[in-house]
Amino acid sequence: MSTTDGATNKPPGLVISPTKPILSFLASASKDQSLSQELREIASDLSSKPSVPYKSLRILWSASDPASRPTLIQLLSGSEFVLPSPKPREKSEELKARLRKLAEMAERKAYAELVKDIMPKKDNSEPFSSYKDQLGFGLHVALTMFTGYLVGYAAFRALFNHSPAMNAAGGILGLIGGMLIETFLFIIRTSSQDLRSSTSTSKQKKDQ
């Protein structure tokens, strides 16, 4: 491997800024026939660089004629260290995914906050919206029908002189009547809820 390739592939180590003495020395070294072709090429290449590796500069200085070269102190006078910029830390794919998810959640929350006065609120008072409501309604209907059966049975028993068939018929009519009453009350409750929901939506639209 040539010296030029080694200087290119290996870490430069300590790097300094080029000053006039350094640039003048590199220009002279690139034309110095006492140096090898590789060293002259290195000197020519470094003369156009914004920074100079100290190791390469020291090799060129050591190989140059002591009678014509400047002292090392004169060569390095006024030069400063050049520190490489740290490589930006890249985010992991997992972190990027989490950030995207958080950004989407923030956008949805902001959108919901923006349209909360426009979108109608959900009505949670729907009939049979829970198991407890269904069970309560079923027990209420059964109690109403049972009460209607007893009332009809007692009424027909008083009217038809304790006839078993008529008493049973009166109980069945009472049961049916209780069921119809409960159905009518259920329709009234549902219509009332729908009316309140429509009124609330209309009021929200007027307030906009």
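The end C-alpha atoms of residues 168-188 lie 30 Å apart, and the span is 100% helix and 0% strand. Helices here are DSSP runs (H or I, at least four residues), strands are runs of E of at least two residues, and both are numbered from the N terminus. The model is predicted: local features need pLDDT of at least 70, side-chain atom pairs count only at pLDDT 80 or more, and totals for chains, interfaces and linings use all residues. Residues are numbered from 1 along each chain as its sequence is written, and side-chain values use heavy atoms, with hydrogens and water left out.

The UniProt record, an unreviewed entry, lists residues 135-156 and 168-188 under "transmembrane region". Its positions are given in the numbering used here, with feature names shortened, and such annotations may be inferred rather than shown by experiment.

Helix α8 (residues 164-207) contains I176. I176 counts as partly exposed because its relative accessibility is 35%; buried means under 20% relative accessible area, exposed over 50%, and partly exposed in between (1.4 Å probe, protein chains only). Together with I172, L173, M179 and L180, I176 makes a nonpolar surface patch of about 450 Å². Patches are made of residues with over 30% relative accessible area and no salt bridge, like charges being joined within 9 Å and nonpolar side chains (Val, Leu, Ile, Met, Phe, Trp, Tyr) within 5 Å. A salt bridge is a side-chain nitrogen of Lys or Arg within 4 Å of a carboxyl oxygen of Asp or Glu. Accessible areas come from the Shrake-Rupley method with a 1.4 Å probe; for residues, only the protein chains shown count as cover.

Of its 208 residues, 19% count as buried. The chain exposes about 16,000 Å², of which carbon and sulfur atoms supply 62%.

Elsewhere, the largest nonpolar core has 15 residues, among which I22, F25, L26, V52, L57 and L60 touch the most other members. Such a core is a set of buried Ala, Val, Leu, Ile, Met, Phe, Trp, Tyr and Cys residues joined through side-chain atoms within 4.5 Å. Helices α2 (20-29), α3 (37-46) and α4 (54-63) each supply at least two residues of this core.
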